[in-house]
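Thanks for asking me to look this one over.

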Amino acid sequence: MSYADNAIRITRYINPHCFYYKPLTAYLPGHEETQFAVALSQHCEAAYGELYRAVRKPQAWEIQKPGTLVALRSIQLERWIRCLVEETVQDLDENTWYQLWAIDEGIAIKSDPKYVRSLPEAFAKEPPHAKRGAIINVLPSDTRFDYIQNELIQEPSTRWCPGIVATMEGCLEEAASVTMVEKAKFAFKGETIHFGELYVTSQCNTSGSMADLLRAACPKQIITAPEAGFVKAFVKLQTHAMKRFLNNEGLSDKHILNNFVQKFSRNNLPHAHHHADRAQDMDTELSQKVQEWLKRNQEACLAMLQEQKMKEEQLKVPEITSFTAEGSMRFPEKNDLHAPRSVASKKPNEVNCSSEVVNPAAETCDDAVSHAASLSSSKPSSVLLNVQRHKARLLLKSSTVAQ
């Protein structure tokens, strides 16, 4: 079997019985489908021109009904494509949106009505280029418990389970190439379904049948059906009425949003360079103002930190170590400040107090503090005086206890 001749690209996947694909050869520049797409885009561009850029909302009578073929200016593909209107919806702002199906690309698109125009009649008769595929001779299954036989019985189901759907999606995403060998065609509800065997080639260059992979991964969720009864069982499935912009669970799936606001090119407008220079000057001026504001803010923060640091240094009081015989306080020298010393940790006999300092009432704390304040080089503040008074009281109490 030649896999290269039947290589495909799956553009939309819903479940094993509903996926859309295109042959890889259809993307070649000289292919008939590619030439048709180029001719359609050129014709619509010449007929509508830049009208799809209009901002005005369409009137009620201009909204296309579901089932109508329209021409869409695709922002992602940057060309005009054929689409089928599947549904029109309104959001909370009462804006109308199109749920479209690109019949040639095989993708679901949600678009703003301003990008939609009537399809020329000359391009409406071409059949869709994207084909719907389905794996042949497999059906969804489920298990139930038979109380008569006292065992689990596997029987066909009407819907595909989420587990097997996710398994096949993972295999397709990780596959290096996908091949579709067509076995039969079936026209159902106005759409041609191509049944066949799907083969995937992994990154390790190993090929295998998708049906075999699903049977090995989810044996309880898939069952093999004979060719005679496969079509009858396929018609009874409940997944045929599913909309193409929904996933297997009936929820809104990932779709392309065709509402990108394009920026007009200033090169073709008058005074284009003047506007560009003006915009550049505005950006430069704005950045300069921001930089100046940041610099001023940084300088103010540094000044506040410096002022706070100076206040903390002023609040620091030298530690009183002992009293002299004349009732004056001795302050530690500059070298003594680095050595850890605590008055409370000293023993009573280490406190240097003379016999003359016997009665603490003879010399009050206020006199000692005022005498110590007079010895300092600068007049202390009220906070420093309160701290000095408190330390003097503590030293007097400790000396009294020692005596």
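1. First, a term for the charged pairs: a salt bridge here is a side-chain nitrogen of Lys or Arg within 4 Å of a carboxyl oxygen of Asp or Glu. By this rule the protein chain has ten salt bridges.

2. A word on the source. This is a predicted model, in which local features need pLDDT of at least 70 and side-chain atom pairs count only at pLDDT 80 or more, while totals for chains, interfaces and linings use all residues. Residues are numbered from 1 along each chain as its sequence is written, and side-chain values use heavy atoms, with hydrogens and water left out.

3. Now the overall picture. The protein chain holds seven helices and 17 strands; these are DSSP runs numbered from the N terminus, with helices being H or I of at least four residues and strands being E of at least two. Of its 403 residues, 33% are buried. Buried means under 20% relative accessible area, exposed means over 50%, and partly exposed is in between (1.4 Å probe, protein chains only).

4. Surface and contacts come next. The accessible surface of the protein chain is about 26100 Å², and 54% of that belongs to carbon and sulfur atoms; the areas come from the Shrake-Rupley method with a 1.4 Å probe, and for residues only the protein chains shown count as cover. Among contacts with a separation of 6 or more, 63% are between residues 24 or more positions apart. A contact means heavy atoms within 4.5 Å.

5. Two strands are said to pair if DSSP finds at least two bridges between them. Strand β3 (residues 69-74) pairs with β4 in the antiparallel sense over six bridges, and Leu72 stands opposite Ile81 in β4. The β3 and β4 hairpin has four residues between the strands, and there Glu78 takes a positive phi near 60 degrees.

6. β4 and β5 pair in the antiparallel sense over seven bridges, with Tyr98 in β5 as the bridge partner of Thr88. Five residues lie between the strands of this hairpin, and Glu94 takes a positive phi near 60 degrees.

7. Which residue meets Arg79 in a salt bridge? The partner is Glu105, at 2.8 Å from N to O. Arg79 sits in strand β4 (residues 79-90) and Glu105 in the loop between β5 (96-102) and β6 (107-111), so the pair links distant parts of the chain, 26 residues apart. Arg79 counts as partly exposed because its relative accessibility is 22%, whereas Glu105 counts as buried because its value is 13%.

8. Asp104 also takes part in a salt bridge, with Arg82, and the closest N and O atoms are 2.7 Å apart. Because Asp104 lies in the loop between β5 and β6 and Arg82 in strand β4, the pair ties together parts that are 22 residues apart in sequence. Both Asp104 and Arg82 are buried.

9. Another salt bridge joins Arg144 and Glu155, whose closest N and O atoms are 3.1 Å apart. Arg144 lies in strand β9 (residues 138-146) and Glu155 in strand β10 (residues 151-156), so the pair ties together parts eleven residues apart in sequence. Arg144 is partly exposed at 40% relative accessible area, and Glu155 is partly exposed at 31%. Do also check Glu86, Arg132, Glu191 and Arg244, which are linked in a network of salt bridges.

10. What is the strand order in the open sheet that holds β9? The three strands run β10-β9-β14, with antiparallel pairing. β10 and β14 (222-224) stand at the edges with a single partner strand each, so one side of each is left without a neighbour in the sheet. β9 and β10 pair over six bridges, and Leu152 in β10 is the bridge partner of Phe145.

11. Last, Val235 is found in helix α4 (residues 227-235). Val235 is partly exposed, with a relative accessible area of 37%. Leaving aside neighbours within four places in sequence, Val235 is in contact with Phe186, Phe188 and His240. Val235 and Phe188 are 47 residues apart in sequence and 8.5 Å apart in space, C-alpha to C-alpha.
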